[in-house]
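Subject: Structure handover

Hello,

Here is the structure you are taking over. Please open it next to this email and look up each part as you read.

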Amino acid sequence: MDWLTQFPQMDDNRLRDIKKIIDEAFRGFTRAYGDSIETLFEPLRIFMVQAERFMTGTPWIIVFALIIGVAWLGSRNPKVVAATAVTMLLIGYFGMWEDTMKTISMIFVCTVISIAVGIPLGIAMARWNRMQAIVNPVLDVMQTMPSFVYLIPVVMLLGIGKVPGLIAVVIYAMPPVIRLTNLGIRLVDKEMLEAADAFGSSDWQKLKNVQLPLALPTIMAGINQTIMMALAMVVIASMIGVQGLGQPVLRAISNQYFTLGVFNGFAIVGIAIIFDRVSQSFGKRLQKHSEVVHG
Amino acid sequence: MADPIGIEIRNLYKIFGPQSAQLMQAVRNGMTKAELNERHHHVLGLNDINISMPAGRIQVIMGLSGSGKSTLIRHINRLIDPTAGEVIVGNQNVVTMSPEALRDFRRHKTAMVFQKFALLPNRTVLENTCYGLEVQGIPQGKRVAAAMHWLERVGLKGFEKKYPNQLSGGMQQRVGLARALANDAPILLMDEAFSALDPLIRVDMQTILLDLQKEIRKTIVFITHDLDEALRLGDSIAILRDGEIIQQGTSQDIVLRPADAYIESFVREVNRGRVIRADAAMEPASGPLPDVTVGGDCTLEDAGRLMVQSGTTRLAVRDMQTGRPAGTLSMERILAAITQRAPGHA
């Protein structure tokens with residue numbers, strides 16, 4: 001009656017064998033294809049290096065002006081711009097300028113990739129139900145699987161460095177933009193689509209003129225969420241060699257440097273709030289036409 | 001201006017549900033809507049519709065909600081595919097068109113106005129009006145010129161830069177109308193186009209449409225649930241109930257000779273004085289003709305007003321085609337026509 005008190009599990013030896021076989025197979029795969037996969041990601045590495053070089057190599061005053069300029073163009077709100085300026089000056093004054101620049105460049109690259117991959121994928125999901133049925137569970141896994149688990153194979157394949165870190169961040173941060181693009185397009189009023197059809201729109205014209213513009217507020221919310229989630233991954237990414245604000249935090253954890261942790265933590269919070277406010281008010285400004293409602 | 005073309009709908013059936021094709025034969029053999037719903041959980045949307053819509057006239061399709069009128073109009077540009085039947089426009093069968101041919105047909109032959117306007121909220125009035133032409137690939141300058149022309153015709157000059165949200169319902173539907181007219185298609189499909197507007201604005205829009213129609217002479221298919229609107233606009237009216245046509249005819253036919261008790265119950269609420277024409281109520285001329293003459297298409301209300309103004313109780317009625325006197329209309333005849341109930345159904 002053993003099986004009543006103890007779960008009837010697989011034989012220990014067999015379990016060990018299975019694990020061993022899978023590990024061996026993956027290691028073999030890594031040895032065989034690691035190099036070619038690394039070459040595949042080379043453009044990504046160059047993109048990241050260039051972005052980082054630009055942010056850290058350019059004199060701080062120019063980068064600062066650039067950030068203020070983007071904040072203004074995005075929000076057109078003096079309060080947001082002033083808050084951005086104060087935050088950036090404090091970050092610089094407390095000696096975190098260089099790390100912040102590295103983090104911002106990483107977030108930038110990650111956001112660009114998430115948008116470039118996520119929006120077309122979201123469109124495809126909205127178009128084909130089967131696509132949605134396949135992608136949705138994958139997104140569930142991406143969002144709930146502990147990052148360390150997929151870091152293992154990524155690191156085995158690509159080693160420690162920027163690219164594996166970026167991949168980890170993108171895996172975690174991309175789902176919102178995909179999900180909300182899909183949702184936004186599916187929520188577009190049926191009568192609007194009917195009107196577009198009645199005038200003889202092609203699929204592309206329908207997408208470009210009706211579905212994407214009407215889904216834009218939802219898509220913007222997705223992009224905003226993607227940026228926020230990328231920032232949340234900064235510390236974990238630093239464990240596999242991504243430079244920036246995550247590394248001092250990591251050092252603070254292992255050496256119990258309270259102040260170092262707090263400073264860098266607040267720097268991450270600071271740029272998160274800046275990104276959030278600027279991107280949100282940019283999204284709102286795109287929807288200006290819907291504000292003036294006829295009484 | 002494109003030449004008007006007529007629309008011929010023949011033996012059109014629409015069954016909603018996954019096994020519509022298999023159930024088609026049962027419906028042809030006389031299965032009713034209720035039976036189909038009960039036994040097969042399919043909805044009979046349209047049942048053997050036959051309408052011939054003449055070119056350049058306003059065909060009204062009237063029915064209450066659920067009668068299938070919106071389903072019917074969507075078959076003309078095939079926003080809904082029929083289960084069986086033909087829709088012949090000009091000499092083309094819309095039902096068998098390839099997707100490309102259908103797109104081309106929708107771009108050049110039809111334009112549609114929607115109950116809830118369906119304007120793009122992120123585009124200005126002008127950009128919305130251009131939409132049909134933009135889809136056709138007409139160059140920017142030309143489409144703006146056409147759009148401006150039609151916006152002016154519907155009374156929206158000066159509003160081009162506004163967004164739909166900044167306009168009232170009536171004005172939004174004028175944009176919808178201008179957008180459809182800018183397409184310069186011979187067929188105009190109007191799906192409850194004025195139903196969402198309040199009564200005064202609705203009458204206003206009807207007037208605009210009737211005035212425009214004198215000049216554009218399009219084949220207009222107008223869907224409504226409002227009999228007054230149907231009688232005012234329709235050169236020809238088809239009344240739909242539970243997916244079947246129960247009467248087709250002119251406004252005179254509907255009001256004077258309702259086909260059954262159902263239509264009779266609608267007609268009872270109608271202001272007959274504004275619908276019935278002098279030539280439908282007149283009697284053959286006998287003896288000397290009265291001095292005052294009215295056209296045969298004059299409504300009884302207008303004829304009565306003329307009597308009061310000219311201090312007479314008899315009018316001569318002129319035949320609209322020959323221009324010669326066709327009969328006389330007395331005060332008694334007017335009263336009788338206005339107060340009459342159709343026999344048998346009341």
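Below is what was found, going from whole chain to single residues. Please keep in mind that this is a predicted model.

Chain B overall

Chain B has 16 helices and 14 strands. Its radius of gyration is 22 Å, close to the 20 Å given by the globule rule for 346 residues, so chain B is as compact as a globular protein of that length. The C-alpha trace of chain B spans about 65 × 55 × 35 Å along its principal axes. Of the 346 residues in chain B, 41% are buried. If you take the contacts in chain B with a separation of 6 or more, 67% are between residues 24 or more positions apart.

Domains of chain B

Chain B is divided into domain 1 (55-84 + 103-271) and domain 2 (273-339). The C-alpha centres of these two domains of chain B lie 33 Å apart. Where they touch, seven residues of domain 1 are in contact with six residues of domain 2. Helix α11 of chain B (residues 251-256) gives the most to the domain 1 side, with four residues. By class, the domain 1 side has four nonpolar residues, three polar and no charged.

Strands in chain B

An open sheet in chain B is formed by four strands in the order β2-β1-β4-β5, with antiparallel pairing. β2 (43-53) and β5 (92-93) of chain B stand at the edges and have a single partner strand each, so one side of each is left without a neighbour in the sheet. Within this sheet, β1 (residues 7-16) of chain B pairs with β2(B) over seven bridges. One of the residues to look for is B:I9, whose bridge partner in β2(B) is B:I51.

Another pair to look at is β9 (residues 236-241) and β10 (residues 244-249) of chain B, which are antiparallel and joined over five bridges. In this pair, B:L240 stands opposite B:I245 of β10(B). The hairpin of β9(B) and β10(B) has two residues between the strands, and B:D242 in the hairpin takes a positive phi near 50°.

Helix α15 of chain B

Which residues of helix α15 (residues 300-310) of chain B are buried? They are B:L300, B:A303 and B:M307. Seen down the axis of α15(B), the buried residues fall within an arc of 60°, so they line one face of the helix. As background, an α-helix has 3.6 residues a turn, so residues three or four places apart point the same way. On the other side of α15(B), B:V308 and B:Q309 are exposed. The buried residues of α15(B) are covered by parts of chain B including α13 (272-275), α14 (278-281), β12 (293-295), β13 (314-318), β14 (325-330) and α16 (331-339). After α15(B) comes B:G311, with a positive phi near 65°.

Single residues

Most residues other than glycine have a negative phi.

- B:H41 is not a glycine but has a positive phi of about 55°. B:H41 lies in the loop between α2 (33-40) and β2 of chain B. Is B:H41 buried or exposed? B:H41 is exposed, with 10 other C-beta atoms within 10 Å.
- B:R78 is not a glycine either and has a positive phi of about 55°. B:R78 is in the loop between α3 (69-76) and β4 (84-89) of chain B. B:R78 counts as partly exposed, with 19 C-beta neighbours inside 10 Å.

In chain A, A:A65 is in helix α4 (residues 60-75). A:A65 counts as exposed, with 11 C-beta neighbours inside 10 Å. A:A65 and A:D189 are 124 residues apart along the chain, and their C-alpha atoms are separated by 42 Å.

Regards

Technical notes: Residues numbered from 1 in each chain as written. Chains lettered and ligands numbered in written order. Predicted model: local features only at pLDDT ≥ 70, side-chain atom pairs only at ≥ 80, totals over all residues. Buried ≥ 20, exposed ≤ 12 C-beta atoms within 10 Å, placed from the backbone. Arc of directions from axis to C-beta. Contact = placed C-beta atoms within 7 Å. Rg over C-alpha atoms; globule rule 2.2 N^0.38 Å. Domains from an automatic or database assignment. Nonpolar A, V, L, I, M, F, W, Y, C, P; charged D, E, K, R; others polar. Pairing = 2+ DSSP bridges.
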